[in-house]
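Subject: Structure handover

Hello,

My notes on what was found follow it.

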Amino acid sequence: MTDSLAGNAVSDAPPDMSDDTLVRVDNLVKYFPVKGSGMIGRTVSHVQAVDGVSLTVKRGQTLGLVGETGCGKSTLARCIAGLIPATSGKVYFEGKDITNLPRGTMRPYRREIQMIFQDPYGSLNPRRRVGSIIGEPFAIHKTATGPQRKKAVQDLMERVGLNPEHYNRFPAEFSGGQRQRIGVARALALRPKLIICDEPVSALDVSIQAQVLNLLADLQDDFGLSYLFIAHDLEVVRHVSDAVTVMYLGRVAEFGPGDQVYDHARHPYSAALLSAAPAADPDAAAARQRIILTGDVPSPINPPSGCRFHPRCPKAQDRCGIDEPALESKAGDPITHLTACHFPVETGEVLARADRREQR
Amino acid sequence: MSVTELQFQAASVSDAPAVAVQGRSQWQLTWRRLRSDKVAVGSIIVIILMILFAICAPLIAHATGHPVDTAYPDTGEDASGLPVGPGVHGFFLGTDQIGRDLLVRIAYGARISLFVGLLTTALATIAGVTLGLVAGYFGGIVDAILARFFDAALAFPFIILALALASVFHPNLAIVIGVISFFSWAGISRIVRGQTLSLKEKEYIEAAKSLGAGSGRIMFLEILPNLLGPVLVLATLYIPTAVTFEATLSFLGIGIPEPAPSWGNILAEAQNFYNTSWWYVVFPALFLLVTTLAFNLLGDGIRDAIDPRTERLFAGSKNGRRKRGKGKGTGGLNLDQAIMVGEERDLTVDNPMPAGEG
């Protein structure tokens, strides 16, 4: 799997599809045009939301995707799900290219790739009954009708921990956690192979988060699901993920097995991101080194040259502003642990903010 | 949240398995609120009576023994050839200038008025909703083109078009329906388009897309149900406007041609007799007034019933159950807010019709 992850390099070679690879994203790019003023505005520039991202999701596993708000996580998810067209790059599902397929051709793949959305209030139509919401996939794909559909929907409701008797209720009659279960049931209806979870628990309180996460884990075991799990809660991602991808400003900063990335972060951005997450243990929290980044995330309309993190990076040197680092395995790391950095963080290195930038 | 509320919640949770809570749809709730609104219920009764009156027009003609187009120069006119008053010679509402039974003619006129009012509203609503959905959902160039059509239709001087059409063709029912529909759909389209623009960005639309739903399915099954409230209010308020519109055209002689009766052309003839035969003007005008008023009040009632917040505002006062729209004249309608329930979103509607007519 990992040898196909050649960073941002464009590979024309046929994708290496070992049996355990479900989805492979290859150098995916999504630019949103920025229109000028006026009725027919010209495109003046582009928001480079996703710029050359490659990743793989293995069968039956969970790939966590973390990064701060605006780094392109959700855009990437929507490109993979085929909700918005990609500017360039490829998405392979079970070895077949599904990038920017027309709606009719995409249809069979819709059954395989489903999404769970962040907002349990916004993702359910307030005017439709729960039975009709969960039954919608059956109606669209004409897989079950009438009493058969009702039975299927009620089975699904039971499976996700909802009372099947609530078939005729409206979304407004459910709590946030129950609504998210409705969203899970809807995503599960067509027995997909991949579920893209776009911050599925961000809008829920902590105890409900645990319930929904446990439900997702149970479903993964039962149905052999693969998840692409997007979140900005790092502990949640660590809990659910087999592998983790860290994104910064439309690019992958670091990729690797969960333990590797969390315990031996090599990219300074990953290290800073992880150090910002609150620790449950106060002693550990006190002992921990916090890396305070200065400045704001640069605009994705005009991203920095070279390594996109270099203006904020405590380790940045001249080369970082010129050369774009490739996503590759660094010395001493397992080959599955990839980092896009010229000067990766060494174990035990103190990443206190250098004063270089404050002098300016 | 207060302690009592918490206790109440706890109690209701523990009670939940025992007491089956019946999920009520938005429409069931709306209907319940509407039923408790006396003015709206009264309006519904008046409208039903008016429809029965129109349907029973041949029965009325049969009962009085006065067919609609038969003139009674002997009994229906007095010595000087003027219409006779209500109650004279069995003419309950008097006669017109050639001695026809005014009651029978008003009943037949009601058929035309209600038929035109309901049919044009239905046509305008279907066209307006469909075009508004298409413009709002697809956006881009489709929207740009359709939006210009909305503007053109709203800016068109309707009397001039009606006059032109009437002079080219003979005035007839089809032209009346066409003209009124043509001037009604664009207002609905604009509102539907505006709402569609915001609704299509909802996550549940994205969810439907990710399930593989097509554009038609998303427009009519996901977006439309969220628009039905405001559209229903708008449509109810369009009916009286269309009725008045028809009367205006007929009054000007470019609507329903004689000898077929319509409230508009009866009034047009009656204007020569207002100083001798008051009933000739008053009764058709009264029917027009009562009908338009009933539809307007019903539209108001539906709007209040759809929007639970107005009811909550006035829940405490005895006579303030209903919140009246501002500036509601007989002509121009101003639907200042139709609010979508469950979304807590205000929908502002300005001037559904191009001008106050009639």
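What pattern does chain B follow when read along the sequence? The pattern is α-α-α-α-α-α-α-α-α-α-α-α-α-α, and chain B has 14 helices and 0 strands. Please keep in mind that this is a predicted model.

Some totals for chain B come first. It has 358 residues, of which 43% count as buried. Taking the contacts in chain B between residues at least 6 apart in sequence, 69% join residues at least 24 apart.

Next, the contact between the two chains. Chain A puts 24 residues into it and chain B puts in 19. On the side of chain B that touches chain A, helix 10 and helix 11 of chain B are the elements that give two or more residues. Helix 10 of chain B gives the most, with 8 residues. Sorted by class, this side of chain B has 6 nonpolar, 6 polar and 7 charged residues.

The buried residues are Tyr204(B), Ile205(B), Glu206(B), Ala207(B), Ala208(B), Lys209(B), Ser210(B) and Leu211(B). What do these buried residues pack against? In chain A they pack against helix 2 (103-112), strand 6 (113-116) and helix 3 (130-141), and in chain B against helix 11. Just after helix 10 of chain B comes Gly212(B), with a positive phi of about 100 degrees.

Helix 11 of chain B (residues 215-251) also packs with helix 13 of chain B (residues 278-306). Their axes are 8 Å apart and the angle is about 170 degrees. An angle over 145 degrees counts as roughly antiparallel, and helix 11 and helix 13 of chain B are therefore roughly antiparallel to each other. Residues of helix 11 of chain B in this contact include Gly229(B), Leu232(B), Val233(B) and Pro240(B). Those from helix 13 of chain B include Leu288(B), Phe295(B), Gly299(B) and Arg303(B). By class, the residues of the contact between helix 11 and helix 13 of chain B are 12 nonpolar, 7 polar and 1 charged.

Now the largest nonpolar core, which has 168 residues. Which of its residues touch the most other members? They are Ile80(A), Ala185(A), Ile196(A), Leu228(A) and Phe229(A). The element that gives the most to this core is helix 5 of chain B (residues 102-138), with 17 residues. As for Ile196(A), leaving aside neighbours within four places in sequence, its contacts are Ala77(A), Ile80(A), Ala81(A), Ile113(A), Met115(A) and Leu228(A).

Most residues other than glycine have a negative phi. Asn27(A) has a positive phi, near 55 degrees, and lies in strand 1 of chain A (residues 21-35). Asn27(A) counts as partly exposed because it has 18 C-beta neighbours inside 10 Å. Glu94(A) also has a positive phi, near 50 degrees. Its place is the loop between strand 4 (88-93) and strand 5 (96-97) of chain A. With 16 other C-beta atoms within 10 Å, Glu94(A) is partly exposed.

Regards

Definitions and conventions. Residues numbered from 1 in each chain as written. Chains lettered and ligands numbered in written order. Predicted model: local features only at pLDDT ≥ 70, side-chain atom pairs only at ≥ 80, totals over all residues. Axes fitted to C-alpha atoms, helices over the stretch in contact; angles between N-to-C directions. Helix = DSSP H or I, 4+ residues; strand = E, 2+ residues; numbered from the N terminus. Parallel < 35°, antiparallel > 145°, perpendicular 65-115°, else oblique. Contact = placed C-beta atoms within 7 Å. Nonpolar A, V, L, I, M, F, W, Y, C, P; charged D, E, K, R; others polar. Core = buried A, V, L, I, M, F, W, Y, C linked by C-beta atoms within 7 Å. Buried ≥ 20, exposed ≤ 12 C-beta atoms within 10 Å, placed from the backbone.
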